[in-house]
Amino acid sequence: MTATANHPSTGTPHATTGAPGATSWVPATEAAPDAAAAGAAPAAVVPPAATSSARTRPGMLATEGRPLVRPPAAAHLSDEQVAEIGRELDAIRDAVLAKRGAADAAYIRRVIRAQRVLEIGGRAALLGSRNKVAWVAGTAMLSLAKILENMEIGHNVLHGQWDWMRDPDIHSSTWEWDFVTPARAWQHTHNDLHHRWTNVVGKDNDIGYNLLRMDPDQPWKPGNLGNPLYNAILAPLFEWGIAIYDLELEDFKKGRKSKEAMKSDLKALGLKAAKQFTKDYAATPAAAMLTGSGKQALVGTLTANAVRNLWAHAVIFCGHFPEGTDTFSEEMVEGETRGDWYVRQMIGSANISGSKAMHLMTGNLSHQIEHHLFPDLPSNRYAEVAPQVKDLCRRYGLPYTEGPLLKQVGSTWGKIFRLALPGGAKPARG
Amino acid sequence: MIRLRKLAQAASLFTTPLAPEDFLALLNPIHSTRQLRGVVTRVEAETADSATIHFRPGRGWKAHEAGQWARIGVELDGVRHWRSYSLSAAAGEDPAITVTAVGAVSEALVRDTRPGDVLFLAPPQGDFTLPEHPRPLLMLTAGSGITPVMSMIRTLVPRRRDADVVLIHSARTPESSLFREELAELADQFPNLRLIQRFTATDGRLDLSTPAAVEAICPDWRQRAAYACGPDGFVGAAEALWQAEANGAGLSIERFDTTFAGGAGQDGGVVTFELSDREVEAPGDVPLMEVGEDAGLLVPSGCRMGICHSCLIPLRSGQVRDLRSGEVHGEPGELIQTCVSAAAGPVSLGL
């Protein structure tokens, strides 16, 4: 009787929950219909019946059983060992969940504050960027702000890493980022498709982004000779590349994506791109013209975007492409258990070793392995999980790929050059 | 105002995808039109287990009527929790809630709130309010049920000479009785308030099974507009009395929320899809996504394994079980992952 002795309602039971306008969440008009619409879009993309059973899995993955084929790097493991790996990793996740709390919330808020201060500072300095010191300071601050915003904040918030706080301002369903591709479009290709089908050739289009041949099992075409050139062009324009990639033009051409879905995606992208373009290349330079710094400010914002693009491209290419990461065939995911799914995430991803600052600037994607195991754990927790995952890999004889940034970037470029030519099959693993 | 809006629009050209207010919030934490917030201005201990929290709400709040309640959001260990509290301040004054420490959220509010803290708010609502035209009133309250009635008394008694209020308030002991001194002073000072305090530990409970007890205290009770607020049993007894004696007319009630029983074991429950107007019986081990799909609804979906967060649907009431960890959780307004959540007891969803 006294359990909730100070929570009155209006007399009708559950009155507080009856009116959507009364809930704490984002304005009602946004909360319900949009959530449904956002989900409806991917639903419309579901391919015809022939492949649908493979793309939409009934329920969650089984805890027992085995896939048709286990990847070579994990072929030595028994079903029971794989199940045990699953249980151990679940336990690691549960341990973090039990600790997650006020300190984590304070962390992300601190990063967001710092990012906003940097962004204001950067743009303010660019307003007077006729002065060289102001230009350097402004461009540097804005570059940093954009990198933080995309990597440690945007990417991770959009993964739902901070949804548990129930703060509508820091939530995967409301966040929009300083990146051309609209958040909802990216969430579909990235969170759903890439993270579910990590490195499965034919299912995970992140293997080369429909642009580069990044795996020997992708058939070679003469156009692949341009691999290194395409990549060199992609890097400084990375955000535009991703925006186009998220439109899923392939799916549209093959009739797996409806015209309506395409139209609405194009409209969303057009609107977002216009706003982004206006902010960086019109509004900021126009305001700087007041001090005669218009041109310098424009070069500054262009530079900041390019720096961010180069950095994001480098970090993201180090996630799954360096030497040592595996790709998988569709037989390897047919009948995959939870443990097998975990194994695939670990041997298909690569970490970048480095300092705390480096981890922050990569949005903790330097802990790509941990991120792929637990995509919705808060990023600030990956560092403490990493040694446990590494130890687990050692005990079960699984590769745990990591290396410093330059080495991994070099390895990625090496692969890009090698696969520009036909063949390039992986050396047999011992 | 219009000029301000134009200015904000111009500023948003520079701040997109954020809004100018996201940057202004660096300076002023309650500056947000998206999320209504208030700053705590004063905290007063009432009894050993209760406190009154005064706050200054930001833009978007509307002044409360006496007797209304508001939803208050508090962060506990980084997680936002929402509860509804009656406003105890007089209409026209800065809002205040009086909270009794029962449950984790109330406990934290009573023990840990300090001036300067930020509360999340939803505008006041509720129709447990004073009659439009002056009438003699009879208030029946028990425990913290006095809170909305206190707002009414503070609004009416000192300001309206023609008011005529009889308040019968029950509390367990004098020490645990909210607003005891202030009520006694008001009753002393203003003849338009008659106060009957009952301490149930010594006096026993007010017997509402027959009209006798109320009639003895207030012979003209049938002529008065009556209000009852308190725990379920108390309000239920008042309702039954008015039903039997006056066909249910003339009584307004405010009931405390009954807590949702998170189903024990692996029980499922009835799932209500509110916007689709559909009700389905669901087992305790089937994801709500599948329950909705089986019912023929277009349920947002993605990875179907709990990693992509594209299936989030707001929970309106009830609790869900995370099928991965077995954890039972859920608060009104929480967005839940339907692909890995099953019903734990009756559940209502915003789909």
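## The lining of the largest cavity

Four helices of chain A each give at least two residues to the lining of the largest cavity: H6 (132–158), H7 (183–196), H9 (238–245) and H12 (294–320). Helices here are DSSP runs (H or I, at least four residues), numbered from the N terminus. H7(A) brings the largest share of that lining, four residues.

This is a predicted model, where local features need pLDDT of at least 70 and side-chain atom pairs pLDDT 80 or more, while totals for chains, interfaces and linings use all residues. Residues count from 1 along each chain as its sequence is written, chains are lettered from A in the order written, and side-chain values use heavy atoms, without hydrogens and water.

## How much space

The largest cavity holds about 310 Å³ of space. Its lining has 21 residues, and the closest to its centre are A:His155, A:Trp186, A:His190, A:Tyr209 and A:Ile316. A cavity is a set of points on a 1 Å grid over the protein atoms alone where a 1.4 Å probe fits but cannot get out, and lining residues have an atom within 4 Å of a point. Grid points join across faces, edges and corners, and the volume is the space filled by probe spheres set on them.

## Around A:Trp177

Beyond its neighbours within four places in sequence, A:Trp177 has contacts (heavy atoms within 4.5 Å) that include A:His155, A:Trp186 and, from chain B, B:Pro17. A:His155 and A:Trp186 also turn up among the residues closest to the centre of the largest cavity.

Conventions:
On a 1 Å grid over the protein atoms alone, a cavity is a set of points where a 1.4 Å probe fits but cannot get out, and a pocket is an open set with protein on both sides within 12 Å along at least five of seven lines; lining residues have an atom within 4 Å of a point.
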